[in-house]
Amino acid sequence: MEVSVTGEPGLTGNEETGSGGKVSGERRYHFAIDIDGEYAVFTLDSIGQVETWNAAAERVTGYGAVEILGKPFSVLYPAASADVPLPTDLLARAAATGRAYYEGWHARKDGARFWASVLVIAQRREQGDLAGFAAVAHDFSSRHLIEARLRRSEQRLQVMIDSVEDYAIFMLSPTGEVATWNTGAERIKGYRAEEIIGHHFSIFYPPEGRAAGLPERMLETASTQGRSEAEGWRVRSDGSRFWADVIITPIRDDTGTLQGFTKVTRDLTEHKRLEELEHVGKLAAAAERAREDEKKRIARELHDDLGQQLTALKMSAVILKQEVEAGHCTMKTAAMARGIVTQTDETMSAVRRIASDLRPTMLDDLGLLPAVEWLADEFSRRYGIKVNTRLSAGELEFSDTAATAIFRIVQEALTNVARHAYATEVTITIEPESSQCEVRIDDDGRGAGPASSGKSDSFGLLGIRERVRQLNGAAWLGNKPEGGFSVKASFPLDSIVHR
Ligand SMILES: Nc1ncnc2c1ncn2[C@@H]1O[C@H](COP(=O)(O)OP(=O)(O)OP(=O)(O)O)[C@@H](O)[C@H]1O
Ligand SMILES: [Mg+2]
């Protein structure tokens, strides 16, 4: 609806400039008549008493024209309170500047409050003296109610977020500073709101994560892809670590400009511990099975190999004994004695072979690197696959535990190459590098199929991971981009050296 008062612009805005309308004589009294609908329109005389009143004004305020004509306009306002400007103030402003605008509480006849806007325009006669005021009011109760409801629902949401305990839910600025905090965040991360708000969220990452640029990458991914999610170690305020599941989502305004991020973090430490227990349980079962297999194999070898040889040896010895007791001491008995010596040698080497399968004696006799060389030679001879070795220990002296673990890792990786890779060449690398020692077995084979990682009956790679974990190392097992499979482990020197 277009409302204009003798040359005044439409009733929008709350600017208080302008000179007010200049009307002559009676015309100002007809101002209200033409306008109906949602706008309450009325005029006041120069001291603020109601002169004209339209139907909408009656509907909105509850006052009929008869009751209100001649009454001061201040009856439309609640008894003076801090948030209501005195009606005389409003008129004084309109008289001084031409118009005045107010949005706020008004009072109905029955005393109920309603939220409305009112624009008061001073009206002057040709001579310039104040003739009175024209006023247009709009009842905003419903808009106000909607806003109040919205505010309440925002408050409720805030209270809900605040009270969530199992999730840290908070906001970050576009550059990653913590902007809000909830109870869950305090419980999981240990910081109180006043300690953490304003700090960059990289404070939650362990030093190695910060050094690798993880926090920045999380924000980058979230803002370019609409979300980033990660699992990993995070640090509490007391320095302890927890296993976290983190989701970061960008917040943008209507124009797409980045306003910040929401971050939801869950503490999965307990979950991870259960997973590890399950993992350890599986490993223990696998180890038990491997021990059983080993016992069976040893029993078979003792029975079939050593048993046969000892039986033959005993028969030879019995015959020799009979010959000697009968006083025969001929060429034949001498040959028999020589045979017994040879058989004894063979038996001893069988004993040595069975024992060295149980524990690579080479490790004790020669040390890790020569034992790995030997393993590589044996492998190459047996399978016709070329093996390159790049082994160096520098000053390093491996502890027994580390030597055994690394030997077994290489052994399992080579066994896998023989069984799964279809490779023509393998490279074994053992090299110290600053504070780490790297162990790698790379092949040029066909790599692992997609289903291989979840096989429930495969324990080789699992065992490798476990050995690496026990030595505080990190392991990467998988296909290489250029083809082939790689088993790579990196150990901190101080957990593998001999003390
Ligand atoms: N060098 C490799 N090249 C290709 N695939 C491989 C290689 N190493 C491992 N794999 C794949 O990974 C799977 C898991 O290996 P893992 O050593 O854990 O089990 P496995 O060799 O099948 O059985 P085991 O428990 O007797 O070792 C293999 O079944 C195979 O599919
Ligand atoms: Mg295997």
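Predicted model: local features only at pLDDT ≥ 70, side-chain atom pairs only at ≥ 80, totals over all residues.
Figure 1. Follow the chain around the hairpin and you pass four residues between the strands. Look out there for G48, which takes a positive phi near 95 degrees.

Figure 2. Is β2 (residues 39–45) buried or exposed? Seven of its seven residues are buried, so the strand is largely enclosed by the rest of the structure. In a regular strand, side chains alternate between the two faces of the sheet. Here Y39, V41, T43 and D45 point one way, while A40, F42 and L44 point the other way, and all are buried. Strand β6 (residues 130–139) also pairs with β2, running antiparallel to it through seven bridges. One pair to pick out is V41 with V136, its bridge partner in β6.

**Figure 3. The four-stranded sheet β7-β10-β9-β8.** This open sheet has its four strands in the order β7-β10-β9-β8, and the pairing is antiparallel. Which strands stand at the edges? They are β7 (167–172) and β8 (228–235), each with a single partner strand, so one side of each is left without a neighbour in the sheet. On average, neighbouring strands are turned by 25 degrees against each other, ignoring direction. Six bridges hold the antiparallel pair of β7 and β10 (residues 258–267). Within that pair, A168 stands opposite T265 of β10. Helix α8 (residues 214–225) packs on the sheet and touches β7, β8, β9 (241–252) and β10. The direction of α8 makes about 40 degrees with that of β9.

**Figure 4. The five-stranded sheet β11-β12-β13-β15-β14.** Here five strands form an open sheet with mixed pairing, in the order β11-β12-β13-β15-β14. At its edges are β11 (386–391) and β14 (474–479), each pairing on one side only. The twist from one strand to the next averages 5 degrees. A parallel pair is formed by β11 and β12 (residues 425–433), with six bridges between them. For a landmark in this pair, find R390, whose bridge partner in β12 is T429. Helix α12 (residues 368–383) packs on the sheet, touching β11 and β12, and its direction makes about 170 degrees with that of β11. Helix α14 (residues 460–470) packs on the sheet too, touching β14 and β15 (485–492). Between the directions of α14 and β14 the angle is about 155 degrees.

Figure 5. Helix α13 (residues 400–421) has 22 residues. From its first C-alpha to its last, α13 reaches 30 Å, close to the 32 Å expected at 1.5 Å a residue. Which residues coordinate the magnesium ion (ligand 2)? The answer is E412 (OE) and N416 (OD1), at 2.1 Å. These two residues are four apart in α13, so about one helical turn separates them. An α-helix has 3.6 residues a turn, so residues three or four places apart point the same way. With a relative accessibility of 22%, E412 counts as partly exposed, whereas N416, at 14%, counts as buried. The cut-off between the two classes is 20%.

Figure 6. D364 has its place in helix α11 (residues 361–366). Its relative accessibility of 49% makes D364 partly exposed. How many residues lie between the positions of D364 and D400, counted as their separation in sequence? They are 36 residues apart in sequence, and 8.3 Å apart in space from C-alpha to C-alpha.

Figure 7. C329 is exposed, with a relative accessible area of 73%. C437, by comparison, counts as buried at 0% relative accessibility. A disulfide is a covalent bond between the sulfur atoms of two cysteines. How many disulfides does a search of the whole structure find? It finds zero.

Key: Residues numbered from 1 in each chain as written. Chains lettered and ligands numbered in written order. Heavy atoms only, no water. Buried < 20%, exposed > 50% of the residue type's maximum accessible area, 1.4 Å probe, protein only. Pairing = 2+ DSSP bridges. Disulfide = S-S within 2.5 Å. Expected span 1.5 Å × (residues − 1). Donors = N, O, S within 2.8 Å, 3.2 Å for Na, K, Ca; no water. Axes fitted to C-alpha atoms, helices over the stretch in contact; angles between N-to-C directions. Contact = heavy atoms within 4.5 Å.
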